[in-house]
Amino acid sequence: MDKAEGASRLANSGSLGDYYNASQLRADTWTRLKSVAVRLANAEPRGAAPDPLRQEAARAIDLLTPIESYWAFPGHDACSQLRRLLDKGEFIDFGCAVERIVRALMSNSYRRRSVPIGLQGDADDEEEALEAKDGHLHARPYFEVLIVDSMSSHYEHQLRLGLRDMRRPEDPFVYETVVVPSFEDALIGVLFNHNVQAVVVRYGFPLRSRHKLEILQRHLSRIGDCDLGEIPPDEYGIALSKLIRKLRPELDVYLVTDQSVEEVAGRVGDSCRRVFYNQEDYMELHLNILRGVNRRYESPFFTALKAYSKQPTGVFHAMPISRGKSISKSHWIRDMGDFYGMNIFLAETSATSGGLDSLLEPQGPIKKAQELAARAFGARQTFFATNGTSTCNKIVVQALARPGDIVLVDRDCHKSHHYGLVLSGAEVVYLDSYPLPDYSMYGAVPLKEIKRRLIQLKRAGKLDRVKMLLLTNCTFDGIVYNVERVMEECLAIKPDLVFLWDEAWFAFARFAPTYRQRTAMHCAEMLRERYRSAAYRERYAAYRAETEDLDPEDDATWLARSLMPDPDRVRVRVYATQSTHKTLTALRQGSMIHIHDQDYKAKVEEPFHEAYMTHTSTSPNYQILASLDVGRRQVELEGFELVQKQVEMAMVLRERVTTHPLLSKYFKMLSVGDLVPEEYRQSGIQSYYDEDHGWTDIWEAWAHDEFTLDATRLTLSVGRTGLDGDTFKTDVLMDKYGIQINKTSRNTVLFMTNIGTTRSSTAYLIEVLVRIAEELDERFEDASPPERRIQERRVRTLTEDLPPLPDFSRFHDAFRRDPTGDTPEGDLRAAYFLSYDDAACEYLGLLDGGLDAALDAGRDVVSTSFIIPYPPGFPILVPGQVVSREIVDFMRALDVREIHGYRPELGLRVFTEAALGAEPLAVGLRTEKSAAE
Ligand SMILES: Cc1ncc(COP(=O)(O)O)c(C=O)c1O
């Protein structure tokens, strides 16, 4: 949607519900006001503008006035000033002022210098031109400080000037202040104004906001279960500080109190950076504000690397590229230097001293950078990795699981987990995700399935061997677990269960309040606090009383009800791995491991260190590490804004594809209702946008539903084009229009917005989809009757005749320690290494009937390897798994170009019957023995 279109839509519909958020409405209303102001200024005869135009301008200002009261620029004073000019009929001045504001907002020039609102002479324009040339290169970063106080406009003005007077040339940043008069306004302010970096909470302010604008009030719904009306007025300051910490933990909050400062300081916990006693010392406040922002701005490793690269050094070790010498002296590869610039080579080093540090034994800036990352992502410990989350997963699995331990894993997890489990030797229980057969995709693992397996293992007396639950959150397709509920209920069955949440796609989630509540680190912190509280003990006592008489053997009852862990036994042990490079600013392969494990120091630190050593290069790439450090700085300062925009872009895309008549003929943007079955959507929310109701507030769904959908992952069903997902991706999007996407299924393609997505790139994608739809229309019109029939058949194959998705079959008894038991764990590692023995393996043809004949004869056909078709990209067979009819049918029906582990010319590699005839697990032992020989 372009701006003019958005503005006219608002003018026509007049419905705020059409807007996903207030920022969009703000931008579009200013653009609309500008176009009205131009027409007013040009009206002839001069000053005789028609009433409808004046009224339209007045309506826009009325809409902007409450919105601007949360921003320092242009602020609500500017709206009053515009209103006065409009009322006096000074349309030329009015037009200039509006033009100036809109230009400053669009170009962000208000962040670099003060922009006067009134009519200015040429000087101002010259200054702007100069600045456009090189000003922003030298500008100091800008932010806004939200002050919460009910004060007169005179005092507000004094306060603003007072703080402005404190500015010093050596200050690293500049800021402006914005004053809001109530508790609710403060909450709206921190959620709406992304320029806010610090909040000064004073005292004596009321609870409720005067503004009843629905789109602003919508922000208040984000505060969750808390009933503001129950807070006593003299507690407003502390309560507000705590709520701000919950909503935007990265902000610095300063509390000014007229009560005993020592007593208040003892109660605010970590929600405030400092408590002041009713003081008027502007300099003290100013310095604290700057220091607070500087804590987030510092990036110790990046700074150290920059400093190091400037030092003259002689290189006498094995790194010829260091300092760019092997490039600048070359006759043949100098274009590499031209392309990358010299700094990247100047920073190419493996020095661990001279201000730098060692990733393997960090004591200096890498250690500090990891600590800052832990703070930013809410972890107790954070470790950087330079080989992606593939490595992080292997490190965590190896550190926590030993041979013989049992690990529960979602079967469609990333392959690094399967390989990690092979290395660790843990026995695996695969969990099936709910299938989405219409789109040839899997969803995620229902909580009931996880509980069922844990209870089964408990009944079999194997709970002490169960070590870890490993789940992908969010999944590639954007299905998001209710992390808190999963952990809570699992801990009720196994109080010390370790959780590994693969958040490869979810690093950004920490920086949006809605998303944050479903991240591993947030939930770990929350559960930790919960289990410490007296209120939880009380609830737990009631739960015990309620469940005392239930039959402990009646699985159905336990599966149907919510379970609560015993606060005296529970241990919160949570790990998250994130591909920082996938969703935030970091060079490729830059990833992090975040830990909140109560037993880390006592039980894990040593094995974790060993596992980290196993997988970490002794030559880690410093550029990647520095980018992780800077990426952390960015999200602590502008993550909230960027993620908000990323979600907004996704919402615009959803809305456009859903409402465009031509696009909806060939495409369907899958909604949460399509991807999450009804039984897992307790909120009943079907779609985040629909034509009849506009936008749905997603908070409700995210707070309670078993699964939600990450709106920034957009699955487009393309079956009606007659092209399968892979062809659509490669031949159409990539080759024809240069649009890169990552994942496809048989009849879908997945688009993602990210923190770099712009309104123009979204518009381009819509334009391309429209062009594709027009071409398809044309092709269909020109087609001969036989061609039409072919096309219709293709569409039918892609939308109706879809192969059923196979579940995990079972491990063959030869790879089960307990083949007579009814629990399904299997020894992946034994099967994996047995496949190294050629004599134990043979090939059965998938297409020549060899495989079918074996199955018909009743033979247990067992895969030797991982068979991973792309798409869907996860193993449909793992080593040691029995090949079922359903799997064979699925493999045959797959028309994808890549199936890793499968060689069509040879067939499927399986174990010979003789190899499987050995005693259970003797197989594994034999392999270990022969390896030793
Ligand atoms: C769920 C999941 N985990 C882990 C990975 C591996 O991450 P990386 O590419 O950072 O090694 C991927 C990669 O796509 C993934 O989808």
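Close-up 1. Cys 474 sits in the loop that links strands β11 and β12; helices (H or I, at least four residues) and strands (E, at least two) are DSSP runs, numbered from the N terminus. The peptide bond between Asn 473 and Cys 474 is cis, and its omega is about -5 degrees. As you explore, please keep in mind that this is a predicted model, where local features need pLDDT of at least 70 and side-chain atom pairs count only at pLDDT 80 or more, while totals for chains, interfaces and linings use all residues. Residues are numbered from 1 along each chain as its sequence is written, and side-chain values use heavy atoms, with hydrogens and water left out.

**Close-up 2. A cis bond at Pro 74.** Here the peptide bond from Phe 73 to Pro 74 is cis, with omega near -10 degrees. Pro 74 belongs to the loop between α3 (51-68) and α4 (75-88).

Close-up 3. How many of the eleven residues of α21 are buried? Eight of them are, and helix α21 (residues 483-493) is thus described as mostly covered. Buried means under 20% relative accessible area, exposed means over 50%, and partly exposed is in between (1.4 Å probe, protein chains only). The buried residues of α21 are Val 483, Val 486, Met 487, Glu 488, Glu 489, Cys 490, Leu 491 and Ile 493. Their cover includes the helices α20 (447-459) and α23 (520-532), together with the strands β11 (466-472), β12 (479-481), β13 (498-502) and β14 (573-578).

**Close-up 4. Leu 469 in the largest nonpolar core.** A nonpolar core is a set of buried Ala, Val, Leu, Ile, Met, Phe, Trp, Tyr and Cys residues joined through side-chain atoms within 4.5 Å. The largest one here has 138 residues, and Leu 469, Trp 501 and Phe 608 are those with the most contacts inside it. Helix α28 gives this core its largest share, nine residues. Setting aside neighbours within four places in sequence, Leu 469 is in contact with Leu 408, Leu 431, Ile 450, Val 486, Cys 490, Leu 497, Val 498, Phe 499 and Leu 500, where contact means heavy atoms within 4.5 Å. Another core, of 46 residues, lies apart from the largest one, and Leu 220, Leu 228, Leu 240 and Val 264 are among its members.

**Close-up 5. Helix α13 against helix α28.** Two packed helices are described by the angle between their axes and the distance between the axes. For helix α13 (residues 300-310) and helix α28 (residues 622-659), the axes come within 7 Å and cross at roughly 135 degrees. That angle makes α13 oblique to α28. Angles under 35 degrees count as roughly parallel, over 145 as roughly antiparallel, 65 to 115 as roughly perpendicular and the rest as oblique. Axes are lines fitted to C-alpha atoms, for helices over the stretch in contact, and angles run from 0 to 180 degrees between N-to-C directions. The crossing of α13 with α28 is left-handed; a crossing has this hand if the near helix is turned anticlockwise from the far one by less than a right angle, and is right-handed if clockwise. On the α13 side, the contact is made by Pro 300, Phe 301, Phe 302 and Leu 305, and the α28 residues include Tyr 622, Leu 625, Ala 626 and Val 630. By type, the contact of α13 with α28 has eight nonpolar residues, one polar and three charged. Ala, Val, Leu, Ile, Met, Phe, Trp, Tyr, Cys and Pro count as nonpolar, Asp, Glu, Lys and Arg as charged, and the others, Gly among them, as polar.

**Close-up 6. Helix α18 beside helix α19.** The axes of helix α18 (residues 388-400) and helix α19 (residues 415-424) come within 8 Å, crossing at roughly 35 degrees. This crossing of α18 and α19 is right-handed. Among the meeting residues are Thr 389, Asn 393 and Val 397 of α18, and His 417, Tyr 419 and Leu 423 of α19. The contact of α18 with α19 divides into four nonpolar, eight polar and one charged.

**Close-up 7. His 615 in helix α27.** Is His 615, with a relative accessible area of 18%, buried or exposed? His 615 is buried, and this residue is part of helix α27 (residues 600-615). Beyond its neighbours within four places in sequence, His 615 is in contact with Thr 391, Lys 394, Ile 395, Gln 398 and Leu 423.
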